[in-house]
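The structure is shown first.

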Amino acid sequence: MIETSILKWLQEVVNNEQVLLTPINGGANNQGFRVSSGTEQFFLKCFEPHNSRSLSKLRNEYAFASHLCKAEIRNIGKPIAYSEELKVSLFSFIDGQTISKLTASHIDAALAFIEAINTPAIFDESLPVASESPATLYGFVDIIDKRLERFAQLSLNDNHQLQSLLQAIASRTRQIAETAEPSWHEQLQKTILSPSDFGFHNAIETSSDIYFIDFEYAGRDTVWKLLSDFFAQPAIPVPLENITRFLQSAVFSQISQRRQEFVTIYELTLMKWCLIMLNEFIPVIEQRRRFSWNNSCLNINNDVLSQKKQSQLEKSMRYFAHIPEKIKTLDKYL
């Protein structure tokens, strides 16, 4: 149920008291609504009001989208308005479908989008740094360590499967850290713009184009993180055979010169995603999940969360087990 204050704000923004809101299901962190106002359609995004990071994510997404829109990047949702007080934002509505089966044209569109937003004229030093953007290559180790610390604060004595998985990730991370070259501590330049959580799980296909959405974590980033995340994202996996097309792009020329180091960075990124899949076990993220489901029934939410935790744990375990195979495949294409 949408709050009265949000509805009133929305009516003022679209200059119409007669608006129809239709919930859009599928979000993991926020609530989304399709807004119909006369002949116009909008997308309303409501952030979890009690989360300490909601305001920064709201500002970040709106600023990044506004910057791209000003640069005439067309295949994004156009930002319309936002309210820091209500923690909501309004974008143009993209009338299309989610992508379930990848084709070469989809992957070409993703690369074209990254190249388009990374022309020299678009880059802006004033934009914030992307979420979890490492300062050095060793920073990819630090990312995993920080995520593991969140689990160390929880009582997991009764979940041996989860404990075993976390220990395996920690052990492999330490092995990599102990063999890191001195160059891994050199400063990385954040010379590109990245949506950060970039992948086809955040894309909408229309009859004429592919649109990319969700810029909450976007900003100035390193090519290492963008490329490794794109090929590690588990929701709609991108086959590694396509990585050669990305390495041929000028955007990723730095990685082309250090390909074997990228193999290790990719392995660390895969383990990071194993931990991201386990987010439902983190209390603050559990609260965001409950908010995004937009369901007032506590028993239903508890049951859904319990099932989700087990499902995500099993998914993460399978993902971790396949890491050696993925590293071998990547090595072949490099």
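## Phe246 and Phe231

Phe246 has 2% relative accessibility and therefore counts as buried, where buried means under 20% relative accessible area, exposed over 50%, and partly exposed in between (1.4 Å probe, protein chains only). Phe231, at 4% relative accessibility, is also classed as buried.

The model is predicted: local features need pLDDT of at least 70 and side-chain atom pairs count only at pLDDT 80 or more, while totals for chains, interfaces and linings use all residues. Residues are numbered from 1 along each chain as its sequence is written, and side-chain values use heavy atoms, with hydrogens and water left out.

## Aromatic pairs

Rings of Phe, Tyr and Trp (its six-membered ring) pair if their centres lie within 6.5 Å; planes under 30 degrees apart count as stacked, over 60 as edge-to-face and the rest as tilted. By this rule there are 15 aromatic pairs.

In one of them, the ring centres of Phe198 and Phe212 are 5.2 Å apart with planes at 50°, so this pair is tilted. Phe198 lies in the loop between β7 (192-194) and β8 (203-205), and Phe212 in strand β9 (residues 210-212); the pair links distant parts of the chain, 14 residues apart. Helices (H or I, at least four residues) and strands (E, at least two) are DSSP runs, numbered from the N terminus. Phe198 and Phe212 are both buried.

The rings of Phe231 and Phe246 have centres 5.3 Å apart and planes at 85°, so the pair is edge-to-face. Here too distant parts of the chain are linked: Phe231 is in helix α6 and Phe246 in helix α7 (residues 243-247), 15 residues apart. One aromatic cluster is formed by Phe113, Phe198, Phe200, Phe212, Phe230, Phe231, Phe246 and Phe252.

## Helix α6

Helix α6 (residues 223-232) has 10 of its 10 residues buried, so it is largely enclosed by the rest of the structure. The buried residues of α6 include Trp224, Lys225, Asp229, Phe230 and Phe231.

## Packing of α4 and α5

Helix α4 (residues 139-152) packs against helix α5 (residues 160-178) at an angle of about 155°, with the axes 10 Å apart. Axes are lines fitted to C-alpha atoms, for helices over the stretch in contact, and angles run from 0 to 180 degrees between N-to-C directions. That angle makes α4 roughly antiparallel to α5 (under 35 degrees is roughly parallel, over 145 roughly antiparallel, 65 to 115 roughly perpendicular, the rest oblique).

The contact (heavy atoms within 4.5 Å) involves Val141, Ile144, Asp145, Leu148 and Phe151 of α4, and Leu166, Ile169, Ala170, Thr173, Arg174 and Ala177 of α5.
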